[in-house]
Amino acid sequence: TISRDAHLITGEAGLTMTRTDGDQGSEYTTTVARDTEAIEATIQGFVDRYNEFVDYYETATVYNTDLEIAGPLVGDGTARRVVNGMADMISSPYTVDGAFEIFAQIGIETQQDGTQKRDTDKLPDALANNFDDVAALFTHANGPARTRLDRLDDVSVGSATHTLPHPPA
């Protein structure tokens with residue numbers, strides 16, 4: 001319960017509310033909750049972008065023997081190392097001071113073809129019971145998501161001879 005004489009109410013975790021109508025002194029109920037559907041959609045987007053990366057690599061490393069046309073990354077050892085490094089980052093454990101160390105524990109699992117799949121039962125359960133620990137996998141400086149972004153930055157900002165073409169939009 002928060003009581004204030006003014007229309008401006010400041011609460012926990014930086015939450016600020018301004019009452020724009022109603023009588024001063026009247027009682028109002030406000031509920032603040034996480035939008036777990038939006039969080040799940042964002043995590044699915046994370047999985048989808050990774051899968052686009054893997055699919056692009058697979059397409060760009062194909063050699064068409066009938067047309068004798070090589071994809072732009074055929075024989076590119078740097079590109080292969082990047083893909084292998086990304087796969088290792090997905091499946092390696094990380095110490096992020098929480099209940100989870102790897103994406104698979106929250107339902108983001110690597111498939112046989114190298115893509116990821118989101119378990120539609122495991123992720124909601126992890127968000128409901130260990131929200132901060134799920135967030136740590138995506139935000140902690142030593143977590144898999146931050147590590148993956150840092151490695152991609154290293155590749156894309158590195159030597160011009162070692163940058164990868166951008167996947168199609």
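Colleague: Is E68 exposed or buried?

Modeller: The general idea is a scale of relative accessible area: buried means under 20%, exposed over 50%, and partly exposed in between, with a 1.4 Å probe and protein chains only. E68 has a relative accessible area of 61%, so this residue is exposed. Please note that this is a predicted model, in which local features need pLDDT of at least 70, side-chain atom pairs count only at pLDDT 80 or more, and totals for chains, interfaces and linings use all residues. Residues are numbered from 1 along each chain as its sequence is written, and side-chain values use heavy atoms, with hydrogens and water left out.

Colleague: Where is E68 found?

Modeller: E68 belongs to the loop between strand 3 (63–64) and strand 4 (69–70). Helices (H or I, at least four residues) and strands (E, at least two) are DSSP runs, numbered from the N terminus.

Colleague: What is the phi of E68?

Modeller: Most residues other than glycine have a negative phi. In E68, which is not a glycine, phi is positive, near 55 degrees.

Colleague: How many helices and strands are there in the chain, and in what order do the elements run?

Modeller: The chain has 5 helices and 6 strands. Read from the N terminus, the order is β-β-α-β-β-α-β-β-α-α-α. The chain has 169 residues, and 27% of them count as buried.

Colleague: At what angle do helix 1 and helix 2 pack?

Modeller: Axes are lines fitted to C-alpha atoms, for helices over the stretch in contact, and angles run from 0 to 180 degrees between N-to-C directions. Angles under 35 degrees count as roughly parallel, over 145 as roughly antiparallel, 65 to 115 as roughly perpendicular, and the rest as oblique. For helix 1 and helix 2 the angle is about 150 degrees, and their axes are 11 Å apart. The two helices are therefore roughly antiparallel to each other.

Colleague: Which residues make the contact of helix 1 with helix 2?

Modeller: Contact means heavy atoms within 4.5 Å. Helix 1 contributes Y50, F53, Y57 and E58, while helix 2 contributes A79, R80, V82, V83, M86, A87 and I90. To sort them by class, Ala, Val, Leu, Ile, Met, Phe, Trp, Tyr, Cys and Pro count as nonpolar, Asp, Glu, Lys and Arg as charged, and the others, Gly among them, as polar. This contact of helix 1 with helix 2 has 9 nonpolar, no polar and 2 charged residues.

Colleague: How do helix 1 and helix 3 cross?

Modeller: The axes of helix 1 (residues 36–60) and helix 3 (residues 122–129) come within 11 Å and cross at roughly 130 degrees. These helices are therefore oblique to each other. T36, I39, E40 and I43 of helix 1 meet L123, P124 and L127 of helix 3. By class, this contact divides into 5 nonpolar, 1 polar and 1 charged residues.

Colleague: Which residues does P124 touch, not counting those up to four places away in sequence?

Modeller: P124, found in helix 3, touches E40 and D119 on that count. With a relative accessible area of 26%, P124 is partly exposed. Its C-alpha atom is separated by 8.9 Å from that of G107, 17 residues apart along the chain.

Colleague: Where is the place of G98?

Modeller: G98 sits in the loop between helix 2 (77–91) and strand 5 (108–110). Its relative accessibility is 35%, so G98 counts as partly exposed. The C-alpha atoms of G98 and A136 are 7.2 Å from each other, although the two residues are 38 residues apart along the chain.
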